[in-house]
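Student: Hi, this structure is new to me. Please take me through it step by step.

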Amino acid sequence: MYIQNGEWVIISAFSTAFKSRFNFGNSLRVKIFIITMLTGIIPVLLVSEIFKQVNKSDLIENRIGNIKTQSQILATQLSSKTFSAGDMPESIDEGIMQLSNTLDGRIILVDTNLKIVRDSYNLDDGRTILAPQIVACLKNKESGMAQTDEGYVLLASPILDAGQKNVKGVLVVLASEQTELLRAGQVSGRILIVELVSSLIIIILAFVFAKFLVKPFYQLSESITDMSEGYTGETINFSGYKEMQQLSDAVNTMVGKMQTLDNSRQEFVSNVSHELKTPITSMKVLADSLLVQEDVPVELYKEFMLDIADEIERENKIINDLLALVKMDKSSSDVNIAPVTINEVIELILKRIRPIAAKNNIELVFESFRPVTAEVDEVKLTLAFSNLIENAVKYNVENGWVHVSLNADHKFFYVKVADSGIGIPEESLENIYERFYRVDKSHSREIGGTGLGLAITRSAILKHRGSIKVYSKEGEGTTFTVRIPLTYVF
Ligand code: ADP
(Lines give C-alpha, C1' and ligand atoms only; values in the text may rest on other atoms or scores of the structure.)
Protein backbone atom coordinates (compact mmCIF):
# COMPACT_ATOMS: atom_id res chain seq x y z
CA MET A 1 0.00 0.00 0.00
CA TYR A 2 1.35 3.43 -0.90
CA ILE A 3 1.40 5.80 2.01
CA GLN A 4 1.89 9.46 1.38
CA ASN A 5 4.48 11.35 3.43
CA GLY A 6 1.92 13.33 5.41
CA GLU A 7 -0.05 10.23 6.32
CA TRP A 8 3.10 8.45 7.35
CA VAL A 9 4.04 11.31 9.70
CA ILE A 10 0.58 11.23 11.28
CA ILE A 11 0.72 7.45 11.70
CA SER A 12 4.20 7.49 13.28
CA ALA A 13 3.26 10.41 15.58
CA PHE A 14 0.16 8.53 16.65
CA SER A 15 2.10 5.32 17.29
CA THR A 16 4.74 7.21 19.32
CA ALA A 17 2.03 8.85 21.43
CA PHE A 18 0.32 5.50 21.85
CA LYS A 19 3.55 3.78 22.89
CA SER A 20 4.45 6.47 25.40
CA ARG A 21 0.94 6.42 26.88
CA PHE A 22 0.87 2.64 27.12
CA ASN A 23 4.48 1.60 27.62
CA PHE A 24 3.62 -2.06 27.23
CA GLY A 25 7.15 -3.41 27.54
CA ASN A 26 7.63 -2.26 31.10
CA SER A 27 4.09 -1.87 32.32
CA LEU A 28 3.34 -3.79 35.50
CA ARG A 29 -0.33 -3.61 34.64
CA VAL A 30 0.21 -5.26 31.25
CA LYS A 31 2.39 -7.93 32.86
CA ILE A 32 -0.22 -8.72 35.53
CA PHE A 33 -2.89 -8.76 32.81
CA ILE A 34 -0.92 -11.18 30.61
CA ILE A 35 0.04 -13.48 33.49
CA THR A 36 -3.50 -13.59 34.90
CA MET A 37 -4.96 -14.14 31.45
CA LEU A 38 -2.55 -16.97 30.63
CA THR A 39 -3.01 -18.67 34.00
CA GLY A 40 -6.75 -18.57 33.36
CA ILE A 41 -6.90 -19.44 29.68
CA ILE A 42 -4.27 -22.22 29.49
CA PRO A 43 -6.08 -24.52 31.99
CA VAL A 44 -9.41 -23.83 30.26
CA LEU A 45 -7.97 -24.81 26.88
CA LEU A 46 -6.27 -27.89 28.33
CA VAL A 47 -9.38 -29.07 30.14
CA SER A 48 -11.61 -28.51 27.12
CA GLU A 49 -9.12 -30.31 24.86
CA ILE A 50 -9.08 -33.30 27.25
CA PHE A 51 -12.87 -33.16 27.44
CA LYS A 52 -13.05 -33.05 23.64
CA GLN A 53 -10.87 -36.17 23.35
CA VAL A 54 -12.68 -38.11 26.09
CA ASN A 55 -16.03 -37.17 24.66
CA LYS A 56 -14.98 -38.17 21.14
CA SER A 57 -13.72 -41.60 22.20
CA ASP A 58 -16.90 -42.10 24.31
CA LEU A 59 -19.06 -41.29 21.33
CA ILE A 60 -17.05 -43.60 19.04
CA GLU A 61 -17.24 -46.39 21.60
CA ASN A 62 -21.00 -45.94 21.83
CA ARG A 63 -21.30 -45.92 18.07
CA ILE A 64 -19.31 -49.15 17.66
CA GLY A 65 -21.39 -50.73 20.43
CA ASN A 66 -24.53 -49.66 18.62
CA ILE A 67 -23.24 -51.06 15.30
CA LYS A 68 -22.45 -54.37 17.02
CA THR A 69 -25.87 -54.63 18.72
CA GLN A 70 -27.87 -53.67 15.65
CA SER A 71 -25.99 -56.08 13.34
CA GLN A 72 -26.25 -58.79 15.99
CA ILE A 73 -30.05 -58.32 16.07
CA LEU A 74 -30.31 -58.50 12.27
CA ALA A 75 -27.96 -61.52 12.09
CA THR A 76 -30.16 -63.34 14.62
CA GLN A 77 -33.29 -62.44 12.64
CA LEU A 78 -31.66 -63.72 9.44
CA SER A 79 -30.76 -67.08 11.00
CA SER A 80 -34.38 -68.23 10.70
CA LYS A 81 -34.62 -67.15 7.07
CA THR A 82 -33.39 -68.65 3.83
CA PHE A 83 -31.68 -66.47 1.26
CA SER A 84 -29.60 -66.80 -1.87
CA ALA A 85 -28.51 -64.51 -4.68
CA GLY A 86 -31.56 -65.15 -6.79
CA ASP A 87 -34.03 -65.55 -3.98
CA MET A 88 -34.06 -62.69 -1.50
CA PRO A 89 -37.19 -62.52 0.63
CA GLU A 90 -38.78 -59.09 0.99
CA SER A 91 -38.47 -59.10 4.79
CA ILE A 92 -34.67 -59.62 4.62
CA ASP A 93 -34.29 -56.83 2.11
CA GLU A 94 -36.34 -54.52 4.32
CA GLY A 95 -34.30 -55.39 7.37
CA ILE A 96 -31.03 -54.70 5.52
CA MET A 97 -32.22 -51.35 4.14
CA GLN A 98 -33.56 -50.34 7.53
CA LEU A 99 -30.24 -51.10 9.24
CA SER A 100 -28.39 -49.29 6.48
CA ASN A 101 -30.50 -46.18 7.16
CA THR A 102 -30.25 -46.46 10.94
CA LEU A 103 -26.47 -46.80 10.99
CA ASP A 104 -25.97 -44.58 7.98
CA GLY A 105 -23.68 -47.26 6.55
CA ARG A 106 -23.39 -49.97 3.95
CA ILE A 107 -24.79 -53.41 4.71
CA ILE A 108 -23.60 -56.39 2.76
CA LEU A 109 -24.97 -59.91 2.98
CA VAL A 110 -22.46 -62.61 1.96
CA ASP A 111 -23.17 -66.33 1.46
CA THR A 112 -20.88 -69.20 2.40
CA ASN A 113 -19.15 -68.91 -1.03
CA LEU A 114 -18.09 -65.36 -0.18
CA LYS A 115 -20.51 -64.08 -2.80
CA ILE A 116 -22.37 -60.85 -2.15
CA VAL A 117 -26.05 -61.67 -2.18
CA ARG A 118 -27.23 -58.20 -1.10
CA ASP A 119 -25.52 -54.82 -1.02
CA SER A 120 -27.54 -51.98 0.43
CA TYR A 121 -25.66 -49.57 -1.84
CA ASN A 122 -26.34 -51.83 -4.87
CA LEU A 123 -22.69 -51.52 -5.94
CA ASP A 124 -21.22 -54.98 -5.73
CA ASP A 125 -24.19 -57.40 -5.93
CA GLY A 126 -23.10 -60.80 -7.18
CA ARG A 127 -19.36 -60.16 -6.65
CA THR A 128 -17.09 -62.17 -4.45
CA ILE A 129 -15.59 -60.52 -1.38
CA LEU A 130 -12.38 -61.72 0.18
CA ALA A 131 -11.97 -59.48 3.20
CA PRO A 132 -9.98 -61.43 5.85
CA GLN A 133 -12.50 -60.60 8.62
CA ILE A 134 -15.30 -62.17 6.50
CA VAL A 135 -13.24 -65.26 5.73
CA ALA A 136 -12.36 -65.60 9.41
CA CYS A 137 -15.98 -65.07 10.42
CA LEU A 138 -17.13 -67.90 8.16
CA LYS A 139 -14.46 -70.14 9.52
CA ASN A 140 -14.68 -69.37 13.24
CA LYS A 141 -18.40 -68.56 13.46
CA GLU A 142 -17.45 -65.47 15.39
CA SER A 143 -17.77 -61.74 14.72
CA GLY A 144 -14.71 -59.94 13.42
CA MET A 145 -14.06 -56.25 13.30
CA ALA A 146 -11.56 -53.94 11.58
CA GLN A 147 -11.10 -50.17 11.82
CA THR A 148 -9.53 -48.17 9.00
CA ASP A 149 -7.27 -45.18 9.33
CA GLU A 150 -9.92 -43.09 7.64
CA GLY A 151 -12.28 -43.73 10.58
CA TYR A 152 -14.37 -46.55 9.09
CA VAL A 153 -15.36 -49.71 10.83
CA LEU A 154 -16.01 -53.08 9.20
CA LEU A 155 -18.00 -55.55 11.25
CA ALA A 156 -18.58 -59.09 10.03
CA SER A 157 -21.22 -61.01 12.03
CA PRO A 158 -21.91 -64.73 11.34
CA ILE A 159 -25.47 -65.76 10.39
CA LEU A 160 -26.02 -69.18 11.91
CA ASP A 161 -28.63 -71.67 10.78
CA ALA A 162 -31.66 -72.57 12.88
CA GLY A 163 -29.72 -75.15 14.85
CA GLN A 164 -27.03 -72.54 15.63
CA LYS A 165 -24.39 -74.97 14.39
CA ASN A 166 -23.49 -74.03 10.83
CA VAL A 167 -22.75 -70.68 9.30
CA LYS A 168 -24.97 -69.85 6.37
CA GLY A 169 -23.70 -66.42 5.65
CA VAL A 170 -22.07 -63.27 6.95
CA LEU A 171 -23.65 -59.91 7.64
CA VAL A 172 -21.14 -57.15 6.95
CA VAL A 173 -21.59 -53.61 8.18
CA LEU A 174 -19.31 -50.91 6.78
CA ALA A 175 -19.89 -47.59 8.49
CA SER A 176 -18.13 -44.50 9.73
CA GLU A 177 -17.15 -44.87 13.37
CA GLN A 178 -18.04 -41.25 14.01
CA THR A 179 -21.52 -40.34 15.05
CA GLU A 180 -23.57 -37.77 13.22
CA LEU A 181 -22.76 -35.37 16.07
CA LEU A 182 -19.03 -35.73 15.51
CA ARG A 183 -19.34 -35.65 11.76
CA ALA A 184 -21.28 -32.43 11.88
CA GLY A 185 -18.57 -31.03 14.21
CA GLN A 186 -21.22 -30.15 16.76
CA VAL A 187 -19.22 -31.40 19.73
CA SER A 188 -16.12 -29.38 18.93
CA GLY A 189 -18.34 -26.47 17.94
CA ARG A 190 -19.99 -26.43 21.35
CA ILE A 191 -16.67 -26.81 23.13
CA LEU A 192 -15.24 -23.96 21.03
CA ILE A 193 -18.11 -21.73 22.14
CA VAL A 194 -17.42 -22.66 25.79
CA GLU A 195 -13.72 -21.92 25.22
CA LEU A 196 -14.43 -18.57 23.61
CA VAL A 197 -16.92 -17.48 26.26
CA SER A 198 -14.71 -18.52 29.18
CA SER A 199 -11.64 -16.92 27.53
CA LEU A 200 -13.57 -13.70 27.11
CA ILE A 201 -14.65 -13.77 30.76
CA ILE A 202 -11.05 -14.48 31.83
CA ILE A 203 -9.73 -11.61 29.69
CA ILE A 204 -12.24 -9.19 31.21
CA LEU A 205 -11.46 -10.42 34.74
CA ALA A 206 -7.68 -10.21 34.09
CA PHE A 207 -8.12 -6.65 32.80
CA VAL A 208 -10.13 -5.59 35.86
CA PHE A 209 -7.80 -7.47 38.21
CA ALA A 210 -4.66 -5.86 36.70
CA LYS A 211 -6.26 -2.42 36.89
CA PHE A 212 -7.31 -3.01 40.50
CA LEU A 213 -3.87 -4.29 41.55
CA VAL A 214 -1.94 -1.47 39.93
CA LYS A 215 -4.28 1.29 41.05
CA PRO A 216 -2.37 2.01 44.31
CA PHE A 217 0.84 2.48 42.28
CA TYR A 218 -0.82 5.16 40.21
CA GLN A 219 -2.20 6.77 43.37
CA LEU A 220 1.26 6.75 44.97
CA SER A 221 2.85 8.15 41.84
CA GLU A 222 0.20 10.89 41.74
CA SER A 223 0.81 11.71 45.41
CA ILE A 224 4.56 11.97 44.78
CA THR A 225 3.98 14.19 41.73
CA ASP A 226 1.56 16.36 43.70
CA MET A 227 4.06 16.62 46.51
CA SER A 228 6.93 17.55 44.19
CA GLU A 229 4.72 20.16 42.53
CA GLY A 230 3.74 21.53 45.90
CA TYR A 231 0.00 20.70 45.85
CA THR A 232 0.08 18.62 49.01
CA GLY A 233 1.95 18.71 52.31
CA GLU A 234 5.52 17.69 52.89
CA THR A 235 4.72 14.03 53.39
CA ILE A 236 2.70 11.44 51.50
CA ASN A 237 -0.16 9.82 53.36
CA PHE A 238 -0.67 6.56 51.63
CA SER A 239 -2.75 3.64 52.82
CA GLY A 240 -2.49 1.02 50.05
CA TYR A 241 -0.65 -2.28 50.35
CA LYS A 242 1.84 -2.87 53.14
CA GLU A 243 4.73 -2.79 50.64
CA MET A 244 3.47 0.48 49.18
CA GLN A 245 3.19 1.88 52.70
CA GLN A 246 6.86 0.98 53.19
CA LEU A 247 7.71 2.63 49.89
CA SER A 248 5.87 5.82 50.80
CA ASP A 249 7.56 5.80 54.23
CA ALA A 250 10.93 5.50 52.47
CA VAL A 251 9.99 8.38 50.15
CA ASN A 252 8.93 10.47 53.15
CA THR A 253 12.22 9.71 54.92
CA MET A 254 14.15 10.63 51.79
CA VAL A 255 12.19 13.87 51.37
CA GLY A 256 12.82 14.67 55.04
CA LYS A 257 16.55 14.13 54.57
CA MET A 258 16.57 16.27 51.46
CA GLN A 259 14.76 19.03 53.30
CA THR A 260 17.27 18.85 56.15
CA LEU A 261 20.08 18.98 53.60
CA ASP A 262 18.46 21.94 51.88
CA ASN A 263 18.02 23.73 55.22
CA SER A 264 21.62 23.10 56.19
CA ARG A 265 22.77 24.36 52.75
CA GLN A 266 20.75 27.52 53.16
CA GLU A 267 22.10 27.98 56.66
CA PHE A 268 25.64 27.41 55.39
CA VAL A 269 25.22 30.02 52.64
CA SER A 270 23.83 32.56 55.09
CA ASN A 271 26.63 31.76 57.56
CA VAL A 272 29.27 32.16 54.86
CA SER A 273 27.84 35.52 53.79
CA HIS A 274 27.69 36.66 57.39
CA GLU A 275 31.24 35.50 58.21
CA LEU A 276 32.66 37.10 55.08
CA LYS A 277 30.77 40.32 55.71
CA THR A 278 31.98 40.81 59.29
CA PRO A 279 35.63 41.67 58.48
CA ILE A 280 34.51 43.86 55.56
CA THR A 281 32.13 45.79 57.83
CA SER A 282 34.94 46.29 60.38
CA MET A 283 37.28 47.50 57.64
CA LYS A 284 34.63 49.91 56.36
CA VAL A 285 34.04 51.32 59.84
CA LEU A 286 37.79 51.76 60.37
CA ALA A 287 38.30 53.39 56.98
CA ASP A 288 35.24 55.66 57.36
CA SER A 289 36.29 56.85 60.78
CA LEU A 290 39.66 57.86 59.33
CA LEU A 291 38.04 59.57 56.40
CA VAL A 292 35.56 61.70 58.37
CA GLN A 293 38.27 63.12 60.61
CA GLU A 294 40.53 65.86 59.48
CA ASP A 295 44.21 66.05 60.37
CA VAL A 296 44.31 62.52 61.68
CA PRO A 297 47.58 61.84 63.51
CA VAL A 298 49.89 59.38 61.77
CA GLU A 299 49.89 57.08 64.82
CA LEU A 300 46.12 56.70 64.57
CA TYR A 301 46.41 55.99 60.85
CA LYS A 302 48.99 53.31 61.59
CA GLU A 303 46.87 51.79 64.32
CA PHE A 304 43.78 51.69 62.12
CA MET A 305 45.72 50.30 59.19
CA LEU A 306 47.05 47.51 61.41
CA ASP A 307 43.46 46.69 62.38
CA ILE A 308 42.44 46.71 58.72
CA ALA A 309 45.36 44.37 57.90
CA ASP A 310 44.16 42.04 60.68
CA GLU A 311 40.68 41.99 59.22
CA ILE A 312 42.09 41.27 55.76
CA GLU A 313 44.05 38.38 57.20
CA ARG A 314 40.94 37.09 58.90
CA GLU A 315 38.96 37.32 55.67
CA ASN A 316 41.77 35.45 53.97
CA LYS A 317 41.73 32.73 56.61
CA ILE A 318 37.96 32.27 56.29
CA ILE A 319 38.25 32.00 52.50
CA ASN A 320 41.13 29.52 52.78
CA ASP A 321 39.21 27.40 55.28
CA LEU A 322 36.13 27.48 53.06
CA LEU A 323 38.16 26.37 50.07
CA ALA A 324 39.70 23.57 52.14
CA LEU A 325 36.25 22.47 53.25
CA VAL A 326 34.85 22.51 49.71
CA LYS A 327 37.85 20.52 48.50
CA MET A 328 37.33 18.02 51.31
CA ASP A 329 33.65 17.58 50.44
CA LYS A 330 34.44 16.77 46.83
CA SER A 331 34.20 13.23 45.48
CA SER A 332 36.59 10.56 46.69
CA SER A 333 38.39 10.54 43.32
CA ASP A 334 39.94 13.75 44.56
CA VAL A 335 42.10 12.03 47.18
CA ASN A 336 45.80 11.52 46.67
CA ILE A 337 46.65 8.31 48.45
CA ALA A 338 50.23 7.21 49.13
CA PRO A 339 52.10 5.40 51.94
CA VAL A 340 52.98 8.03 54.55
CA THR A 341 54.94 7.79 57.82
CA ILE A 342 52.46 9.27 60.29
CA ASN A 343 55.16 9.90 62.93
CA GLU A 344 56.89 12.31 60.56
CA VAL A 345 53.64 14.07 59.70
CA ILE A 346 52.89 14.73 63.39
CA GLU A 347 56.49 15.76 64.14
CA LEU A 348 56.30 18.36 61.37
CA ILE A 349 52.98 19.76 62.64
CA LEU A 350 54.33 19.98 66.17
CA LYS A 351 57.45 21.74 64.94
CA ARG A 352 55.27 24.42 63.33
CA ILE A 353 52.99 24.84 66.36
CA ARG A 354 55.65 24.70 69.07
CA PRO A 355 56.51 28.46 68.87
CA ILE A 356 52.81 29.35 69.26
CA ALA A 357 52.53 27.03 72.29
CA ALA A 358 55.70 28.47 73.77
CA LYS A 359 54.12 31.95 73.79
CA ASN A 360 51.66 30.78 76.45
CA ASN A 361 54.15 28.47 78.07
CA ILE A 362 52.21 25.40 76.97
CA GLU A 363 54.05 22.10 77.09
CA LEU A 364 53.75 20.11 73.84
CA VAL A 365 54.55 16.42 74.17
CA PHE A 366 54.53 13.75 71.46
CA GLU A 367 54.43 10.11 72.47
CA SER A 368 54.84 7.57 69.70
CA PHE A 369 54.42 3.89 70.58
CA ARG A 370 55.69 2.61 67.23
CA PRO A 371 56.54 3.83 63.76
CA VAL A 372 53.33 3.90 61.73
CA THR A 373 53.09 3.89 57.94
CA ALA A 374 49.63 4.18 56.43
CA GLU A 375 48.01 4.73 53.05
CA VAL A 376 46.60 8.24 53.39
CA ASP A 377 46.21 11.59 51.68
CA GLU A 378 49.03 13.43 53.43
CA VAL A 379 47.78 16.96 52.74
CA LYS A 380 44.26 16.27 54.01
CA LEU A 381 45.38 14.40 57.13
CA THR A 382 48.00 17.07 57.94
CA LEU A 383 45.19 19.63 57.86
CA ALA A 384 43.03 17.45 60.12
CA PHE A 385 45.74 16.83 62.75
CA SER A 386 46.93 20.47 62.56
CA ASN A 387 43.44 21.70 63.41
CA LEU A 388 43.19 19.35 66.41
CA ILE A 389 46.61 20.27 67.79
CA GLU A 390 46.13 24.00 67.06
CA ASN A 391 42.80 23.92 68.89
CA ALA A 392 44.41 22.13 71.85
CA VAL A 393 46.89 25.01 72.05
CA LYS A 394 44.36 27.77 71.24
CA TYR A 395 41.77 26.72 73.81
CA ASN A 396 44.36 26.04 76.51
CA VAL A 397 45.35 27.88 79.64
CA GLU A 398 48.67 29.47 80.46
CA ASN A 399 51.26 26.90 81.60
CA GLY A 400 49.02 24.12 80.33
CA TRP A 401 49.96 21.02 78.35
CA VAL A 402 49.10 19.22 75.15
CA HIS A 403 49.79 15.49 74.79
CA VAL A 404 49.77 13.95 71.32
CA SER A 405 50.11 10.17 71.06
CA LEU A 406 50.32 7.78 68.13
CA ASN A 407 49.66 4.04 68.24
CA ALA A 408 48.55 1.31 65.85
CA ASP A 409 47.32 -2.26 65.66
CA HIS A 410 47.16 -4.53 62.62
CA LYS A 411 44.24 -2.64 61.09
CA PHE A 412 44.15 0.95 62.32
CA PHE A 413 46.34 3.71 63.66
CA TYR A 414 45.18 5.91 66.53
CA VAL A 415 46.03 9.55 67.20
CA LYS A 416 45.09 11.08 70.53
CA VAL A 417 45.25 14.83 71.19
CA ALA A 418 44.69 15.64 74.88
CA ASP A 419 44.90 19.08 76.45
CA SER A 420 44.57 20.74 79.82
CA GLY A 421 42.49 23.57 78.32
CA ILE A 422 39.16 25.23 78.95
CA GLY A 423 37.15 22.20 77.86
CA ILE A 424 33.87 22.10 75.95
CA PRO A 425 30.46 22.33 77.66
CA GLU A 426 28.54 19.06 77.41
CA GLU A 427 25.63 20.61 75.49
CA SER A 428 28.04 21.86 72.80
CA LEU A 429 29.83 18.55 72.25
CA GLU A 430 27.49 17.34 69.54
CA ASN A 431 27.72 20.64 67.61
CA ILE A 432 31.44 21.26 67.48
CA TYR A 433 31.83 19.59 64.05
CA GLU A 434 29.21 21.85 62.46
CA ARG A 435 30.44 24.49 60.07
CA PHE A 436 30.92 27.90 61.77
CA TYR A 437 29.96 26.51 65.17
CA ARG A 438 31.92 28.07 68.02
CA VAL A 439 31.26 27.59 71.71
CA ASP A 440 32.25 31.14 72.49
CA LYS A 441 32.07 33.25 69.32
CA SER A 442 33.97 36.27 70.59
CA HIS A 443 36.74 34.21 72.21
CA SER A 444 37.19 32.10 69.09
CA ARG A 445 37.25 35.24 66.93
CA GLU A 446 39.81 36.82 69.25
CA ILE A 447 42.16 33.91 68.82
CA GLY A 448 41.60 33.72 65.07
CA GLY A 449 39.08 30.88 64.82
CA THR A 450 36.71 30.55 61.88
CA GLY A 451 34.51 27.74 63.22
CA LEU A 452 35.46 25.60 60.21
CA GLY A 453 38.48 23.75 61.64
CA LEU A 454 36.69 20.74 63.16
CA ALA A 455 34.34 20.48 60.16
CA ILE A 456 37.42 20.17 57.92
CA THR A 457 39.03 17.69 60.32
CA ARG A 458 35.98 15.44 60.49
CA SER A 459 35.49 15.54 56.73
CA ALA A 460 39.14 14.53 56.14
CA ILE A 461 38.89 11.66 58.64
CA LEU A 462 35.62 10.37 57.19
CA LYS A 463 37.19 10.47 53.73
CA HIS A 464 39.71 7.94 55.06
CA ARG A 465 36.83 5.81 56.47
CA GLY A 466 38.05 6.74 59.93
CA SER A 467 36.28 7.99 63.06
CA ILE A 468 36.72 10.80 65.56
CA LYS A 469 35.57 10.96 69.18
CA VAL A 470 35.75 13.68 71.75
CA TYR A 471 35.83 13.57 75.58
CA SER A 472 35.75 16.87 77.40
CA LYS A 473 35.05 18.41 80.76
CA GLU A 474 34.67 22.12 81.16
CA GLY A 475 37.62 23.65 82.99
CA GLU A 476 39.63 20.42 82.91
CA GLY A 477 40.50 19.73 79.30
CA THR A 478 39.61 17.97 76.10
CA THR A 479 40.73 14.75 74.40
CA PHE A 480 40.13 13.97 70.71
CA THR A 481 40.71 10.36 69.59
CA VAL A 482 41.07 9.59 65.91
CA ARG A 483 41.06 6.10 64.37
CA ILE A 484 42.05 5.60 60.71
CA PRO A 485 42.54 2.36 58.71
CA LEU A 486 46.15 1.61 57.77
CA THR A 487 45.09 0.72 54.23
CA TYR A 488 42.85 3.02 52.26
CA VAL A 489 39.48 1.58 51.28
CA PHE A 490 38.29 3.02 47.96
P1 ADP B 1 37.54 27.43 65.54
O2 ADP B 1 38.07 27.91 64.27
O3 ADP B 1 36.62 28.37 66.19
O4 ADP B 1 38.55 26.86 66.44
P5 ADP B 1 36.75 24.69 65.24
O6 ADP B 1 35.79 24.09 64.28
O7 ADP B 1 38.15 24.25 65.16
O8 ADP B 1 36.56 26.25 65.09
O9 ADP B 1 36.21 24.35 66.66
C10 ADP B 1 34.86 24.63 66.97
C11 ADP B 1 34.70 25.05 68.39
O12 ADP B 1 34.96 23.93 69.26
C13 ADP B 1 35.68 26.06 68.81
O14 ADP B 1 35.18 27.36 68.54
C15 ADP B 1 35.83 25.81 70.29
O16 ADP B 1 34.79 26.49 70.98
C17 ADP B 1 35.59 24.34 70.43
N18 ADP B 1 36.87 23.59 70.57
C19 ADP B 1 37.53 22.93 69.61
N20 ADP B 1 38.63 22.32 70.09
C21 ADP B 1 38.67 22.60 71.41
C22 ADP B 1 39.58 22.27 72.48
N23 ADP B 1 40.65 21.51 72.28
N24 ADP B 1 39.28 22.75 73.69
C25 ADP B 1 38.18 23.49 73.89
N26 ADP B 1 37.31 23.84 72.95
C27 ADP B 1 37.55 23.42 71.71
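This is a predicted model: local features need pLDDT of at least 70, side-chain atom pairs count only at pLDDT 80 or more; totals for chains, interfaces and linings use all residues.

**Charges, helices and sheets**

Student: Got it. Which side chain does Glu390 meet in a salt bridge?
Tutor: Arg352, at 3.1 Å from N to O. A salt bridge here is a side-chain nitrogen of Lys or Arg within 4 Å of a carboxyl oxygen of Asp or Glu. Arg352 belongs to helix 9 and Glu390 to helix 10, so the pair ties together parts that are 38 residues apart in sequence. Helices (H or I, at least four residues) and strands (E, at least two) are DSSP runs, numbered from the N terminus. Arg352 is partly exposed too, at 42%.

Student: How many salt bridges does the structure hold?
Tutor: There are 12. One of them joins Arg438 to Glu275, with the closest N and O atoms 2.5 Å apart. Arg438 sits in the loop between strand 10 and helix 11, and Glu275 in helix 7, so that bridge ties together parts 163 residues apart in sequence.

Student: Are those two buried or exposed?
Tutor: Arg438 counts as buried at 10% relative accessibility, and Glu275 is buried at 5%.

Student: Which Lys forms a salt bridge with Glu275?
Tutor: That's Lys441, whose closest N and O atoms with Glu275 are 4.0 Å apart. This pair links distant parts of the chain, as Lys441 is in helix 11 and Glu275 in helix 7, 166 residues apart. Lys441 counts as partly exposed, at 46%.

Student: And which residues are linked in a network?
Tutor: Arg106, Asp119, Asp124 and Arg127 are connected by a network of salt bridges.

Student: What about a buried charge with no salt bridge?
Tutor: Look at Glu315: it is buried yet has no salt bridge, and the nearest side chain of opposite charge, Arg314, is 7.5 Å away. Lys and Arg count as positive, Asp and Glu as negative; His and the chain ends are not counted.

Student: Where is Glu315, and what does it touch?
Tutor: You'll find Glu315 in helix 8, residues 298-329. Leaving out residues up to four places away in sequence, Glu315 touches Leu276, Pro279 and Ile280. Contact means heavy atoms within 4.5 Å.

Student: How far does helix 8 reach?
Tutor: Its 32 residues reach 46 Å from first C-alpha to last, close to the 46 Å expected; the expected span is 1.5 Å times one less than the number of residues. Buried residues of helix 8 include Phe304, Ile308, Ile318 and Met328. Its buried residues pack against helix 7, helix 10, helix 11 and helix 12.

Student: New topic: in what order do the strands of the antiparallel sheet come?
Tutor: That open sheet has 5 strands in the order 2-1-5-4-3, with antiparallel pairing. Strand 2 (116-119) and strand 3 (144-147) are at the edges with a single partner strand each, so one side of each has no neighbour in the sheet. Two strands pair if DSSP finds at least two bridges between them.

Student: How many bridges pair strand 4 with strand 5?
Tutor: Strand 4 (152-160) and strand 5 (167-176) share 9 bridges, in the antiparallel sense. Within them, Ala156 has Val172 of strand 5 as its bridge partner.

Student: Which helix lies across strand 3 and strand 4?
Tutor: Helix 2 (28-79) lies across strand 1, strand 3, strand 4 and strand 5, at about 150 degrees to strand 5. Helix 3 (90-103) also packs on the sheet, touching strand 1, strand 2 and strand 5. Axes are lines fitted to C-alpha atoms, for helices over the stretch in contact, and angles run from 0 to 180 degrees between N-to-C directions.

Student: And what order does the sheet with mixed pairing have?
Tutor: Its 5 strands run 7-9-10-12-11 in an open sheet. Strand 7 (363-368) and strand 11 (467-473) are the edges, each pairing on one side only. Strand 7 runs parallel to strand 9 (401-408), joined by 6 bridges, and Leu364 stands opposite Val402 in strand 9.

Student: Which helices lie across that one?
Tutor: Helix 9 (342-359) lies across strand 7, strand 9 and strand 10, at about 170 degrees to strand 7. Helix 12 (453-463) lies across strand 11 and strand 12, at about 140 degrees to strand 11.

Methods. Residues are numbered from 1 along each chain as its sequence is written. Side-chain values use heavy atoms; hydrogens and water are left out. Buried means under 20% relative accessible area, exposed over 50%, partly exposed in between (1.4 Å probe, protein chains only).
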